[in-house]
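Please keep the structure open beside the text while reading.

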Amino acid sequence: MVQSLNTKVDLVIDATAYTGLTDYGQLMVGDKGFEFYNSRDTRKYIQIPWEEVEYVIASVLFKGKWIPRYAIETKQNGTFTFASKEPKKVLRAIREYIPSDRMVQSLGFFDVVKRGVQAKFKKG
């Protein structure tokens, strides 16, 4: 069994981790970090200490009515994408440990298209 980083747990919720293949399990937000444990294979887990988190990126649709997924960008190990039953509750729990200036929205569809068109016609 894997040893948890956290000494106090704020939230445990069913979640999905998008790590190449889809992994189903439980997500834990606590005082020391963010953790995901696979429900079928105990060797598949993700532990991210709060000091390692660079940004928390939320995909917001319909003016905040629906958040399908969110990602945690780390300083060294890349970006981890997750989805859960109640994403607003998870993001509120994360907000206790991550400053609000490091919690951002992802780009929308039209913003991505606009950047692509601008890059195509940019001189330089």
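In this predicted model, strand β1, made of residues 9-19, and strand β7, made of residues 79-84, pair in the antiparallel sense over 4 bridges. Within that pairing, A17 stands opposite F82 of β7.

**Pairs of strands**

Strand β7 also pairs with β6, which covers residues 66-74, again in the antiparallel sense and over 4 bridges. Here the bridge partner of I72 is F80 in β7. The two strands β6 and β7 form a hairpin with 4 residues between them, and in the turn G78 has a positive phi of about 90°. Another hairpin is formed by β3 and β4, with 6 residues between these strands. The antiparallel pairing of β3, residues 33-38, with β4 runs over 5 bridges, and E35 stands opposite Q47 in β4.

| Strand pair | Bridges | Residues facing each other |
|---|---|---|
| β1 and β7 | 4 bridges | A17 and F82 |
| β6 and β7 | 4 bridges | I72 and F80 |
| β3 and β4 | 5 bridges | E35 and Q47 |

**The whole sheet**

**The chain and its helices**

Taken as a whole, the chain has 2 helices and 8 strands, and from the N terminus on its elements run β-β-β-β-β-β-β-α-β-α. The C-alpha trace spans about 55 × 30 × 25 Å along its principal axes, and of the 124 residues of the chain, 35% count as buried.

Helix α2, residues 109-121, has 13 residues and reaches 19 Å from its first C-alpha to its last, which is close to the 18 Å expected at 1.5 Å a residue. Are the residues of α2 covered or hardly covered? This helix is hardly covered, as the count of buried residues among its 13 residues is 0.

**The largest pocket**

The largest pocket holds about 280 Å³ of space. The elements that give two or more residues to its lining are β5 (53-61), α1 (87-95) and β8 (103-105). Which element provides the largest share of this lining? That share, 4 residues, comes from α1. Among the lining residues of the largest pocket are V56, A58 and V60, together with K88, L91, R92 and R95, and also M103, V104 and Q105. By type, the lining divides into 7 nonpolar, 2 polar and 3 charged residues.

Note on methods:
Residues numbered from 1 in each chain as written. Predicted model: local features only at pLDDT ≥ 70, side-chain atom pairs only at ≥ 80, totals over all residues. Heavy atoms only, no water. 1 Å grid on protein atoms, 1.4 Å probe; cavity = no way out; pocket = protein on both sides within 12 Å on 5 of 7 lines; lining within 4 Å. Points joined across faces, edges and corners; volume = space filled by probe spheres on them. Nonpolar A, V, L, I, M, F, W, Y, C, P; charged D, E, K, R; others polar. Expected span 1.5 Å × (residues − 1). Buried < 20%, exposed > 50% of the residue type's maximum accessible area, 1.4 Å probe, protein only. Pairing = 2+ DSSP bridges.
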